[in-house]
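Good morning, and thank you for coming. Please look at the model on the screen while I take you through a few of its features.

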Amino acid sequence: MTKKWWHDSIVYQIYPKSFQDTNGDGVGDVNGIIDHLDYLKELGVNVIWICPIFKSPMVDHGYDISDYYEIDPSFGTMKDMDELIEEAKKRDIKILMDLVINHSSDKHIWFQKAMEDLNSKYADYYIIKEGKDGNPPNNWRSIFGGSAWERIGDTNKYYLHLFTKGQPDLNWENEELRNELYKMVNYWLEKGLGGFRVDAISHIKKNFDYVNLPADGPDGLVGAWEYYQNADGIGEFLNELKEKTFKIYDSMTVAEADKLEGEKLRRFIGEDGYFSTVFDFSHAPYRIREEKWKDNYIAMVDEIRDRIFEKQLSSIDCGFLSNFIENHDMPRSADRLIPQEDISFYSETMLATMYFFLRGIPFIYQGQEIGMRDFPKKSIKEFLDVPTYQIYDRMLKEGLTKEEALNKINIESREHSRTPFQWSTQKNAGFTAGTPWFDINPNYKEINVESQREDDASLLSYYKKLTLLRSHEEYKEVFVYGDFVPFYKDKDGIVAYERKDENKRVIVINNWTNKENILEFNDGLKKILLNNYNKIFIDNASIKLMPYQSVVLEIGVK
Ligand code: NOJ
C-alpha cells in the first residue's frame with residue numbers, strides 16, 4: 001500500500017452554526033473556529049472537517065448552497081476563511097470543507113435561470129421531467145419524506161429533489177455542469193484545503209428505468225434506493241471527478257456513501273479508488289431506547305459488533321474506513337447506545353475506546369469529547385429542521401398519536417447533536433453573547449469544556465489520552481497499518497479486537513455491559529496502554545472487566 005499523508009489522520013468534525021459565535025448574532029462563525037484552533041490542537045486532532053459554510057438560504061442548514069464561491073455572511077468572509085486555513089496550517093492541521101454537489105439550493109443562479117426559462121441550458125443542469133396523468137413523473141419518496149418531485153409552476157413539469165424541495169438535484173449527465181463543478185472544487189483546493197467530506201455523493205447517478213414502483217408506505221410513495229444510490233454507471237462520474245480535481249492536489253476525500261461491499265467498496269476506497277475513505281455507518285441505525293432493545297440491549301451490542309467487524313474485515317484488503325460514533329445527523333452517542341441509567345464516565349469512555357482503535361480514520365464530532373447529551377423537546381414546535389417535520393407528519397399518517405410521534409422524534413432526531421457547543425458555565429454556555437440560534441442544553445452548567453480542561457479524570461482528558469496513544473510514535477504504525485483481528489467474538493456484550501504487525505500486538509477490550517465480565521486471558525501482558533478504570537484484574541489465565549471497563553493492552557509478539 002502506498003503511504004499517504006492522511007492515513008494517520010484524527011479528524012474533528014465541526015458543525016459551524018453551533019461551534020462558537022464571535023460577533024453576537026447567535027450563529028457560530030469562522031472566527032470562532034480560529035479562536036479554538038489551540039483547543040483542537042491540544043485535543044490532538046490533525047484534520048478538521050467543517051460542515052458547509054458556503055452561501056446558503058439555510059433550508060437544510062447550509063447543505064443547500066446558493067453560491068459555491070462565497071462564504072455565507074452569517075459565518076464570515078472569504079478573508080476569514082483564508083485566515084483559518086493559514087492559522088490551521090501553522091498548527092499542522094488540515095481543513096476539509098463539505099462538498100455538496102448532489103444538489104444545489106433552489107436559490108442558486110443556475111436553478112433560478114432554469115426556472116425562468118425551461119428551454120435554457122440551465123434547465124438541463126437539473127433533473128426536470130414531464131408529469132404522468134397529473135401526477136409526478138414517478139412515486140419516489142424524498143429521503144426527507146414526501147414526494148421527491150416538485151411541480152414547476154402550472155406546467156406539467158417537475159424537478160427532482162432527493163432531499164428538501166429547496167435542494168434540487170443536479171444533473172450529472174450534463175458535461176458542462178460537471179465541468180463547472182470541477183472548476184469550483186479546484187478553486188477551493190487551490191486555496192490549500194486538505195480536501196473534502198463529500199456529501200450525499202452516492203446519489204449523483206439516477207436510474208429512471210421505470211415509472212412507478214410498488215408503494216412501501218401509506219403515502220403511496222417508495223424509497224427507491226437501488227435506483228438512486230450507487231446506481232450503475234456512477235463510477236464514471238466519480239472517476240472523472242477524482243481525476244479532474246482531488247488527484248491533482250493529493251487531497252483527502254471522505255465520501256458519504258453507504259451500502260458498499262466487496263468490489264464496490266474497492267472501487268470507492270481501493271489503491272486507485274474514487275475517494276480516500278468512506279464512513280462506516282454500521283452502527284448508525286441503532287437506537288437503544290427503541291422498544292425492541294428494551295429488555296435485551298446486549299443483543300443490540302452484539303449486532304453492532306458483528307456489523308462493525310464484518311466491515312473492518314472486508315476493508316482490510318481495500319483501504320481505510322472512517323470510524324465515528326457521532327455526527328450532525330444523529331443523536332448523541334451515549335443516548336443512542338447506552339441505557340439511560342448507565343450513562344457515566346465509564347460507559348462514555350468505553351464507547352470512545354471501542355471505535356478509536358479500529359482500523360481506519362477516527363472522527364470526533366464536536367461536543368462528543370465532553371459528553372454533550374441529547375436535549376429532548378417538550379413540543380414538536382421546538383424543533384427547527386425541515387425533515388423533522390416531514391418525519392413527524394409521516395408518523396401521524398401512519399397512525400401514531402402526537403405524543404407517540406414526539407417521543408419517537410425525541411429518540412431519533414438528528415437535531416440533538418446540533419445544540420450549541422458548551423464551552424463554559426457562563427451565559428449561553430460561552431457560545432454566544434447574543435441570542436443562540438438554537439436552544440442550549442440546560443445541562444451546560446455540568447457539562448462544559450471549562451470544568452473538564454484541567455481535570456485529569458474528565459472525559460475530555462480521556463479523549464486526549466486516546467489521541468495521544470493513537471498518534472504515539474511507538475504505536476502509530478500498528479494502529480494505522482496493523483492488521484485487524486476480532487477477539488472474544490462469541491462473548492455477549494464484549495467488543496474486543498487485536499491490532500498487530502510483525503513488531504507489535506495490541507488488544508482493545510471493551511465491556512459494553514453493566515456487569516462484571518471474566519474472560520480467558522493468557523497472552524502475556526507487556527504493558528497497559530490505556531484503562532478507563534484505575535484498576536485492572538489480570539492473572540495468568542484470566543482478565544476481569546468491571547462494568548463498561550475498556551482496556552488497551554500491549555501483549556507479546558508470538
Ligand atoms: C447528508 C448531510 O450529512 C445531511 O446533514 C444533509 O441534510 C443531507 N446530506 C443533504 O445534503
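Where in the chain does Val 222 lie? Val 222 belongs to the loop between strand E9 (195–198) and helix H6 (225–228); helices (H or I, at least four residues) and strands (E, at least two) are DSSP runs, numbered from the N terminus.

Before I continue, a word on the source: this is a predicted model, in which local features need pLDDT of at least 70 and side-chain atom pairs count only at pLDDT 80 or more, while totals for chains, interfaces and linings use all residues. Residues are numbered from 1 along each chain as its sequence is written, and side-chain values use heavy atoms, with hydrogens and water left out.

Buried means under 20% relative accessible area, with a 1.4 Å probe and protein chains only. Leaving aside neighbours within four places in sequence, the contacts of Val 222 (heavy atoms within 4.5 Å) include Asn 139, Trp 140 and Arg 141, as well as Tyr 228.

Next, the domains, whose bounds come from an automatic or database domain assignment. Domain 1 comprises 7–102 + 175–468, domain 2 is 109–160, and domain 3 is 482–555. Taken over C-alpha atoms, the centres of domain 2 and domain 3 are 55 Å apart.

Let us turn to helix H4, residues 109–116, where Trp 110, Phe 111 and Ala 114 are buried. These residues lie on the same side of H4, because they cover an arc of only 95° around the axis, the arc being that of the directions from the helix axis to the C-beta atoms. Among the elements that cover them are strand E4 (67–71), strand E8 (157–160) and helix H5 (175–190).

Finally, the cavities. On a 1 Å grid over the protein atoms alone, a cavity is a set of points where a 1.4 Å probe fits but cannot get out, and lining residues have an atom within 4 Å of a point. Grid points are joined across faces, edges and corners, and a volume is the space filled by probe spheres set on the points.

How many cavities of 30 Å³ or more does the structure hold? There are three. The largest cavity contains about 80 Å³ of space. Helix H10 (333–337), helix H11 (345–356) and helix H15 (459–470) each give two or more residues to its lining. Residues lining the largest cavity include Glu 326, Glu 348 and Tyr 463. The second largest cavity holds about 40 Å³, and Asp 280, His 283 and Tyr 355 are among the residues that line it.

Conventions. Buried < 20%, exposed > 50% of the residue type's maximum accessible area, 1.4 Å probe, protein only. 1 Å grid on protein atoms, 1.4 Å probe; cavity = no way out; pocket = protein on both sides within 12 Å on 5 of 7 lines; lining within 4 Å.
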